[in-house]
Amino acid sequence: MDAFLDSLIAFASAHRGLAYLVLFLAALLEAVPVLGSLVPGSTIILALSALIPGGQLDLLSVLAAAAAGAALGDGTAYWLGHREQRRILSAWPMSRHPELVARAEAFFQRFGGWAVLFARFVPPIRAFVPVTAGALQMAPARFFAINIPAILLWAPAHVLPGVVAASALEQSHGRLHHWLPVVAGVGAVLVAAGWLLWRRRQSGALSK
């Protein structure tokens, strides 16, 4: 993974325009059922966000690319589930991952519409909840009313930790490309810790 991230960072540094496409695709593919559980989209976003303090990438453009990819991925999965209904949950390729399908459905049944918000921060269920919400006929207005704000929270939660860590490293005159895996790891830990704390505080107010 470290070699992959190093190559990706080098590519993004040399091809700024394509870097935003990579960010968009990373967020998009992470939202695709089954495939999203395999694509390290969050790690890619965290790693590329480390290029923002040095000026290789623009903060707002990174946030926009990640949010747009996530919105398109989630929205497409939802509408596919809404059209095909429950039969999609047992169709290929989801039929090859019955345990994740069951977890996503249980997650949705437990938290209701709020599962759409929480799932944005919980891989690999993130890739299964939108299609499950559609398959269980969650109303489109309700889905997007929760999904869009969730994405607007998710994007900065994945980008800003990388920016902060990279800025600190640059200020200490560290060599950034040697520390990119650390930046990604620190960001991932911060995102996970923040989400777990928030979920613990909120879970008592949610009904099953």
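Colleague: How many salt bridges does the count come to?

Modeller: The count comes to 5 salt bridges, a salt bridge being a side-chain nitrogen of Lys or Arg within 4 Å of a carboxyl oxygen of Asp or Glu. Bear in mind that this is a predicted model, where local features need pLDDT of at least 70 and side-chain atom pairs count only at pLDDT 80 or more, while totals for chains, interfaces and linings use all residues. Residues are numbered from 1 along each chain as its sequence is written, and side-chain values use heavy atoms, with hydrogens and water left out.

Colleague: Thanks! What does arginine 126 form a salt bridge with?

Modeller: With glutamate 30, and the closest N and O atoms are 2.9 Å apart. Arginine 126 sits in the loop between α6 and α7 and glutamate 30 in helix α2, so the pair ties together parts that are 96 residues apart in sequence. Helices here are DSSP runs (H or I, at least four residues), numbered from the N terminus.

Colleague: Is arginine 126 buried or exposed?

Modeller: Arginine 126 is buried, with a relative accessible area of 4%. Buried means under 20% relative accessible area, exposed over 50%, and partly exposed in between (1.4 Å probe, protein chains only). Glutamate 30 is buried too, with a relative accessible area of 4%.

Colleague: And which residues are linked with Arg87 in a network of salt bridges?

Modeller: Arg83 and Glu84 are linked with Arg87 in that network. Arginine 87 is exposed, at 52% relative accessible area, and glutamate 84 is partly exposed, at 23%. Their side chains meet at 3.3 Å, N to O.

Colleague: Changing topic: which residues touch the most other members of the largest nonpolar core?

Modeller: Leu48 and Leu57, out of 55 residues in that core. A nonpolar core is a set of buried Ala, Val, Leu, Ile, Met, Phe, Trp, Tyr and Cys residues joined through side-chain atoms within 4.5 Å.

Colleague: What is leucine 48 in contact with, leaving aside neighbours within four places in sequence?

Modeller: Leu8, Ile9, Ala12, Ala19, Val22, Leu23 and Leu57, where contact means heavy atoms within 4.5 Å. Leu48 is one of the buried residues in α3.

Colleague: Last one: where is threonine 132, and is it buried or exposed?

Modeller: Threonine 132 is in helix α7, and at 1% relative accessibility it counts as buried. Beyond its neighbours within four places in sequence, threonine 132 is in contact with Leu89, Ala104, Glu105 and Phe108.

Notes. Helices (H or I, at least four residues) and strands (E, at least two) are DSSP runs, numbered from the N terminus.
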